[in-house]
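Here is a short report on one protein chain. Keep the structure in view as you read.

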Amino acid sequence: MDTVCLDLRFEGVSAIQLVQQYKSIELRAASSTEAEEILGFSGITPSRRELYLPVVLRSGSGSGFVLCRSVTAERGGEDPVASDLECEDRSVIWSSRPQP
């Protein structure tokens, strides 16, 4: 089975701005400039900002961000809806959370 899906799990989401669909997605921690913009958008007080991870999602179909406590990217199967997660072979390919 060829892997065609990437399943993303965001935990502790505080702010989000996404497009409807991403093709050939780039997922990464935000740069310092992007992080400041995302944190400003969120309205989180400066004293709590260190608890969150600003993540940028970008592709040819659009870009967006998620401000969360942690993110995990898992190699999924061929089902983009992931209706039967228990049956798919899954492996974590990237995971991140804020560093204290």
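On helix H1, the exposed residues Thr 33 and Glu 37 lie on the face turned away from the buried side. This comes from a predicted model.

Now turn to the buried side. H1 spans residues 32-42, and its buried residues are Glu 34, Ala 35, Ile 38, Leu 39 and Ser 42. These residues lie on the same side of H1, because they cover an arc of only 130° around the axis.

What do the buried residues of H1 pack against? They meet four strands: S2 (15-17), S3 (26-29), S4 (53-59) and S5 (62-68). Just after H1 comes Gly 43, which takes a positive phi of about 80°.

**The strands**

Start with S4. Six of its seven residues are buried, so S4 is largely enclosed by the rest of the structure. S4 pairs with S3 and also with S5, as the table shows.

| Strand pair | Sense | Bridges |
|---|---|---|
| S3 and S4 | antiparallel | four bridges |
| S4 and S5 | antiparallel | seven bridges |

Glu 26 stands opposite Arg 58 in S4. Leu 57 has Gly 64, in S5, as its bridge partner. S4 and S5 also form a hairpin, with two residues between them.

**The rings**

How many aromatic pairs does a search of the whole structure find? It finds one. The partners are Phe 41 and Phe 65, and their arrangement is edge-to-face. Their centres are 5.3 Å apart, with 80° between the planes. This pair links distant parts of the chain. Phe 41 belongs to helix H1 and Phe 65 to strand S5, and they are 24 residues apart.

Is Phe 65 buried or exposed? Phe 65 counts as buried, because its relative accessibility is 9% and the cut-off for buried is under 20%. Phe 41 has a relative accessibility of 49%, so it counts as partly exposed. The exposed class begins only over 50%.

The charged end of Arg 69 sits over the ring of Tyr 52. The distance from the ring centre is 4.7 Å.

**Putting it together**

Helix H1 sets its buried residues against strands S2, S3, S4 and S5.

Conventions:
Residues are numbered from 1 along each chain as its sequence is written. This is a predicted model: local features need pLDDT of at least 70, side-chain atom pairs count only at pLDDT 80 or more; totals for chains, interfaces and linings use all residues. Side-chain values use heavy atoms; hydrogens and water are left out. Buried means under 20% relative accessible area, exposed over 50%, partly exposed in between (1.4 Å probe, protein chains only). The arc is that of the directions from the helix axis to the C-beta atoms. Contact means heavy atoms within 4.5 Å. Rings of Phe, Tyr and Trp (its six-membered ring) pair if their centres lie within 6.5 Å; planes under 30 degrees apart count as stacked, over 60 as edge-to-face and the rest as tilted. A charge sits over a ring if NZ of Lys or CZ of Arg is within 6 Å of the ring centre and within 35 degrees of the ring normal. Two strands pair if DSSP finds at least two bridges between them.
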